[in-house]
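Please read them with the structure open.

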Amino acid sequence: MLTLTNLHVNFGVEIHDVDLSRLNVPLIFPEIRAAFEEHSLLLFRDQNLDEDTHRRVAELFGPIEDLRDAPDGMPTERAMVSNVSTSGALVADEQLRLLDLQANFLWLTDSTFLQAPAISNMLAGYIFPPTGGNTELVSTRVGWQKMSEKLKQHARDKVIIHRFSQSRKLIDESLASQHVYTKFPDARWRTTWRNPVNGQEALYIATHACAVVGISQDDGMALINQLIDAVTQAEAIYSHQWQPGDVLIWDQRATMHRGTPWPFEKERTLASFVSSARESDGIDSVRP
Ligand SMILES: [Fe+2]
């Protein structure tokens with residue numbers, strides 16, 4: 001039996017007394033996965049994950065995604081989220097790289113712009129500045145439950161178009177025009193994703209959303225912004241203040257996340273493996 005404590009009244013749990021580097025993790029994984037389905041966000045503290053262990057645990061959630069052009073489709077190394085190391089950076093130019101980090105301050109769900117959406121992000125924290133640099137999350141499941149019936153009616157059964165360059169365009173046009181952001185064709189998803197284990201619906205959205213099928217561009221963006229606003233009110237936010245050794249795993253079907261700024265001259269380094277959803281994760285419910 002896992003020992004859990006709540007992170008936020010809406011969602012999220014810390015799981016105690018689990019060392020993710022131990023080889024018995026696949027044996028207890030069904031319990032970890034059940035907590036993931038129910039609580040949408042898991043925190044493990046005091047972990048010491050090397051790249052292999054990190055990959056092994058992330059793969060239990062789903063196949064590892066790679067946004068680069070690895071010839072065999074497998075990432076050669078894990079993506080570092082850092083203002084210092086350039087390894088794994090999507091753009092080489094320093095200024096563009098800093099702009100790209102700023103895009104992480106927008107409300108996101110990872111990879112909604114891909115034809116194969118993501119199920120999870122497993123983020124391992126290593127080095128942090130003394131202040132700032134939190135990761136904030138909201139539950140889009142609870143957000144959807146609490147949304148006004150009027151807005152829900154308006155949003156239900158709509159199809160949203162997701163484009164990687166859209167979230168970058170909100171930061172800087174020259175960033176948005178980089179090949180790395182324009183190379184993916186648009187993806188289309190319904191506004192909600194139903195969890196096949198517990199039947200709970202959640203708003204499926206991100207600042208990658210750039211239009212709504214069947215309504216004007218302006219009306220579409222207005223609806224997208226209204227929906228994001230509705231689920232990201234201050235009281236709905238869990239703000240995670242990182243300590244080295246923390247590992248966060250979130251359910252992309254039922255959360256949105258963003259980073260908060262920090263003094264950029266101070267190092268902040270995490271490592272991320274995003275896993276792709278499988279059909280058994282309920283993709284059918286969000287496919288138009
Ligand atoms: Fe992200």
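1. Does Arg268 count as buried or exposed? The model is a predicted one, and in it Arg268 has 21 C-beta neighbours inside 10 Å. The cut-off for a buried residue is 20 or more such neighbours, so Arg268 counts as buried. Arg268 is a loop residue, placed between strand S14 (255-259) and S15.

2. Surroundings of Arg268. Beyond its neighbours within four places in sequence, Arg268 is in contact with Ser82, Asn83, Ile127, Phe128, Pro129, Gly133 and Trp262. For one of these, Gly133, the separation along the sequence is 135 residues, whereas the C-alpha to C-alpha distance to Arg268 is 7.3 Å.

3. Overall dimensions. The protein chain has 288 residues and a radius of gyration of 18 Å; a compact globule with that number of residues would have a value near 19 Å, so the two agree. Along the principal axes, the C-alpha atoms fill a box of roughly 50 × 45 × 40 Å. The secondary structure of the chain comes to 10 helices and 15 strands.

4. Burial and contacts over the chain. Of the 288 residues, 39% count as buried. Among contacts with a separation of 6 or more, 82% are between residues 24 or more positions apart.

5. In soluble globular proteins, nonpolar side chains tend to be buried together. Here the largest nonpolar core has 59 residues, and those with the most contacts inside it are Leu42, Met122, Ile205, Ile224, Leu227 and Val247. Helix H9 gives the most to this core, with 6 residues. Leaving out residues up to four places away in sequence, Leu227 touches Ala155, Leu203 and Ile205.

6. Helix H2. Which residues of helix H2 (residues 51-61) are buried? They are His54, Val57, Ala58 and Phe61. Down the axis of H2, these buried residues fall within an arc of 100 degrees, so they line one face of the helix.

7. A three-stranded sheet. The strand order is S8-S7-S11 in an open sheet of 3 strands, with antiparallel pairing. Strand S8 (187-190) and strand S11 (209-212) are the edge strands, each pairing on one side only. From one strand to the next, the twist averages 35 degrees. Helix H9 (residues 217-231) packs on the sheet and touches S7 and S11; the direction of H9 makes about 125 degrees with that of S11.

8. How many bridges join strand S7 (residues 159-162) to S8? There are 4, and the two strands run antiparallel. In S8, Trp189 is the bridge partner of Ile160, and Arg188 is the bridge partner of Ile161. On the S11 side, 3 bridges join S7 to S11, again antiparallel. His162 stands opposite Ala209 in S11.

9. Backbone angles to check. Most residues other than glycine have a negative phi, and most peptide bonds are trans. Asp46 has a positive phi, near 55 degrees. Asp46 sits in the loop between strand S3 (41-44) and H2, and counts as exposed because it has 11 C-beta neighbours inside 10 Å. Asp157 also has a positive phi, of about 70 degrees, without being a glycine. The loop that holds Asp157 lies between helix H5 (149-155) and S7. With 10 C-beta neighbours inside 10 Å, Asp157 counts as exposed.

Definitions and conventions
Residues numbered from 1 in each chain as written. Predicted model: local features only at pLDDT ≥ 70, side-chain atom pairs only at ≥ 80, totals over all residues. Buried ≥ 20, exposed ≤ 12 C-beta atoms within 10 Å, placed from the backbone. Arc of directions from axis to C-beta. Pairing = 2+ DSSP bridges. Axes fitted to C-alpha atoms, helices over the stretch in contact; angles between N-to-C directions. Contact = placed C-beta atoms within 7 Å. Rg over C-alpha atoms; globule rule 2.2 N^0.38 Å. Core = buried A, V, L, I, M, F, W, Y, C linked by C-beta atoms within 7 Å.
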